[in-house]
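Dear colleague,

I am handing over the structure we spoke about, and my notes on it follow below. Please look through the coordinates first and then read on.

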Amino acid sequence: ITVSKRNSSSGYVVGMLASSAAQGLALGYVASTTARFWQYSNYLSIATTAYAASELPSILACQFDETVGKKVWRIYDGVDVNRSGSNKTHYALTGQGRIGRMTTSNTFSGYIAEVIVYNRVLSSNELKQVHTYLSVKYGLSVPVADHLYPLDATYQNDVFGIGSSSA
């Protein structure tokens with residue numbers, strides 16, 4: 001799960017190159033209007049808004065679940081665009097993980113605020129917790145379905161912080 005703001009139309013936010021270009025793992029933008037979760041030669045792409053210099057930061061994320069397959073999603077300005085794939089092949093990867101690139105030619109130009117990595121698939125509620133945390137921390141709009149406090153009478157406006165008082 002990443003929070004980033006791109007300064008160009010393409011580049012991988014995170015990646016790992018294995019022994020050849022046909023092997024590896026990456027998450028990022030392959031074109032102005034396409035984000036991709038790529039593992040070996042198998043990938044999932046989603047349509048994104050066209051790159052613009054005034055673009056807001058977004059959440060770009062992916063997951064792999066051996067029981068159901070892959071998923072990639074992008075939350076941008078309150079809209080969640082996602083795609084799932086049924087490929088359940090688990091590729092054993094060795095190599096170095098990279099933030100801001102996959103290879104020397106796929107560098108990301110922009111700002112990467114946060115990268116969160118889990119070694120398991122998160123539950124729906126855990127994903128909501130992460131999305132809410134990122135929304136509050138970075139002032140990002142997330143869809144009601146992806147937020148812990150949607151349409152709650154206690155929090156009827158956008159949540160901008162959660163805290164407690166000992167007084």
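Which residue in E6 does serine 4 stand opposite? The residue is serine 58; please bear in mind throughout that this is a predicted model. Strand E1 (residues 2-6) and strand E6 (residues 58-65) pair in the antiparallel sense, and three bridges join them.

These two strands belong to an open sheet of five, which runs in the order E8-E7-E6-E1-E10 with antiparallel pairing. Its edges are formed by strand E8 (79-85) and strand E10 (110-115), each of which pairs on one side only. On average, and with direction ignored, neighbouring strands of the sheet are turned by 20° against each other. Helix H1 packs on this sheet, where it touches E1, E6, strand E7 (69-76) and E10, and the direction of H1 makes about 130° with that of E10.

The largest nonpolar core holds 13 residues, of which Ile1, Ile59, Trp73, Val130 and Leu134 touch the most other members. E6, E7 and H1 are the elements that give two or more residues to this core, and H1 gives the most, with three. A second, separate core has 11 residues, including Val13, Leu27, Tyr29 and Ala35.

Finally, glycine 139 lies in the segment after helix H1 (124-138), and it counts as exposed because its relative accessibility is 64%, where the cut-off is over 50%. The C-alpha atoms of glycine 139 and proline 57 are separated by 9.3 Å, although the two residues are 82 apart along the chain.

Best regards

Conventions. Residues numbered from 1 in each chain as written. Predicted model: local features only at pLDDT ≥ 70, side-chain atom pairs only at ≥ 80, totals over all residues. Heavy atoms only, no water. Helix = DSSP H or I, 4+ residues; strand = E, 2+ residues; numbered from the N terminus. Buried < 20%, exposed > 50% of the residue type's maximum accessible area, 1.4 Å probe, protein only. Pairing = 2+ DSSP bridges. Axes fitted to C-alpha atoms, helices over the stretch in contact; angles between N-to-C directions. Contact = heavy atoms within 4.5 Å. Core = buried A, V, L, I, M, F, W, Y, C linked by side-chain atoms within 4.5 Å.
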